[in-house]
Amino acid sequence: LAPFLVLLSGCLWGSMGLFVRRLTDAGLSSLDIVGIRAFSTVILMGIVLLVKDRGLFHVRWKDIWCFAGTGICSILLFNYCYFTAIQITSLSVAAVLLYTAPAFVMLMSYVLFKEKLTSSKLLALVLTLIGCVLVTGIMGSDSTKALSGYGMLMGLGAGFGYALYSIFSRYALERGYSSLQITFYTFVFAAIGIMPMASMQEILRYIGSNVENIGFTLIFGAVSTVLPYLAYTAGLN
């Protein structure tokens with residue numbers, strides 16, 4: 001069951017682009033979509049915490065920087081770059097560039113946590129970069145869309161932002177916070193951070209236009225964040 005749950009979480013995370021395409025077609029910008037994902041996740045994760053343990057809402061003020069890091073430095077940057085990459089390049093290119101994140105994690109862990117850079121890790125890093133070059137179509141592809149320099153930069157930015165989540169989460173875990181708390185407050189800060197940048201008028205217009213859009217927004221948060229997180233955590237357990 002454990003491998004199935006982890007694979008399921010990967011499939012659910014991978015489906016994010018399908019939601020983004022529909023929201024883009026509805027006239028929402030990348031920042032607006034980040035806001036919709038953050039707001040819907042806060043609502044759904046808040047319900048999970050209420051049902052599981054209300055004590056999980058408690059955090060120490062001195063540790064707020066950890067969640068600001070995961071929410072603003074990581075999730076906000078990751079989502080904006082990823083959603084932008086999806087809009088200007090192919091879904092497959094954006095997804096693969098996102099998964100350069102382990103390489104960034106490895107390098108930052110070496111600097112911040114003094115983790116060793118072994119030959120196996122370096123080989124994995126090289127293979128990751130070669131794989132990204134091949135899959136993005138640099139080698140003999142006629143697709144100018146896939147070769148967009150800005151799109152590839154946004155994809156790599158998404159990978160870097162995604163990697164920052166692991167770094168800041170480690171600091172939070174070392175301070176005794178659970179994964180549920182980290183996920184909830186990550187998106188609380190992401191929602192706070194996105195408010196000055198996103199068009200709240202456009203977000204409210206989309207959500208309030210009909211009941212179907214309300215349902216789609218909640219499904220977006222559930223499928224792209226809450227359910228894969230719960231499945232992944234259950235698999236790890």
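These are my notebook entries on a predicted model of a single chain.

**Entry: the overall build**

I began with the secondary structure. The chain has 11 helices and 0 strands. Reading from the N terminus on, I wrote the order of elements down as α-α-α-α-α-α-α-α-α-α-α.

Next I looked up the dimensions. The C-alpha trace spans about 50 × 45 × 40 Å along its principal axes. For 237 residues, a compact globule would have a radius of gyration near 18 Å, and the chain agrees with that, at 18 Å.

How much of the chain counts as buried? I noted 45% of the 237 residues. The accessible surface comes to about 11800 Å², and carbon and sulfur atoms hold 71% of it.

I also checked how far along the sequence the contacts reach. Taking the contacts with a separation of 6 or more, 84% are between residues 24 or more positions apart.

**Entry: Phe78 and its ring partners**

I turned to the aromatic rings, and the structure holds 13 aromatic pairs. One of them joins Phe78 and Tyr82, with 5.9 Å centre to centre and 25° between the planes, and this pair is stacked. Both residues lie in helix H4, which covers residues 64–88. They are 4 residues apart, about one turn of the helix.

Why is the pair of Phe78 and Tyr162 called tilted? The ring centres are 5.1 Å apart and the planes meet at 35°; planes under 30 degrees apart would count as stacked and over 60 as edge-to-face, so this pair falls in the rest. Phe78 is in helix H4 while Tyr162 is in helix H8 (residues 149–174), so the pair ties together parts that are 84 residues apart in sequence.

Is each of these two residues buried or exposed? Phe78 has a relative accessible area of 4%, so it counts as buried, since buried means under 20%. Tyr162 has 26% and is therefore partly exposed.

Phe57, Phe67, Tyr177, Phe184 and Tyr185 are linked in it by ring pairs.

Then I looked for charges over rings. Which ring does the charged end of Arg22 sit over? I found Phe216, with the charged end 4.2 Å from the ring centre. Arg170 lies over the face of Phe113, and here I wrote down 3.9 Å from the ring centre.

**Entry: Thr41 and Thr225**

I picked two threonines to follow together. Thr41 is found in helix H3 (residues 30–52), and Thr225 in helix H11 (residues 211–236). Their side chains make a polar contact with each other, at 3.4 Å.

Thr41 has a relative accessible area of 1% and is buried. Thr225 is buried as well, with 4%.

Thr41 has another polar neighbour: a polar atom of its side chain lies 2.7 Å from the backbone oxygen of Arg37. Setting aside residues within four places in sequence, I listed the contacts of Thr41 as Gly46, Phe187, Gly221, Thr225 and Val226. For Thr225, not counting residues up to four places away, the list reads Arg37, Thr41, Phe187 and Phe220. Phe187 turns up in both lists.

**Entry: two loop residues**

Where does Lys114 lie? I found it in the loop between helix H6 (101–112) and helix H7 (119–135). Its relative accessibility is 66%, so Lys114 counts as exposed. I made a note of the backbone here. Most residues other than glycine have a negative phi. Lys114 is not a glycine, yet its phi is positive, at about 60°.

My last stop was Gly176, in the loop between H8 and helix H9 (179–194). Gly176 counts as exposed, at 61% relative accessibility.

Definitions and conventions: Residues numbered from 1 in each chain as written. Predicted model: local features only at pLDDT ≥ 70, side-chain atom pairs only at ≥ 80, totals over all residues. Heavy atoms only, no water. Phe/Tyr/Trp six-rings, centres within 6.5 Å; stacked < 30°, edge-to-face > 60°. Buried < 20%, exposed > 50% of the residue type's maximum accessible area, 1.4 Å probe, protein only. Lys NZ or Arg CZ within 6 Å of the ring centre and 35° of its normal. Rg over C-alpha atoms; globule rule 2.2 N^0.38 Å. Contact = heavy atoms within 4.5 Å. Areas by Shrake-Rupley, 256 points an atom, 1.4 Å probe, with all protein chains shown as cover. Polar contact = N/O pair within 3.5 Å; in protein donor to acceptor, adjacent residues only side chain to side chain.
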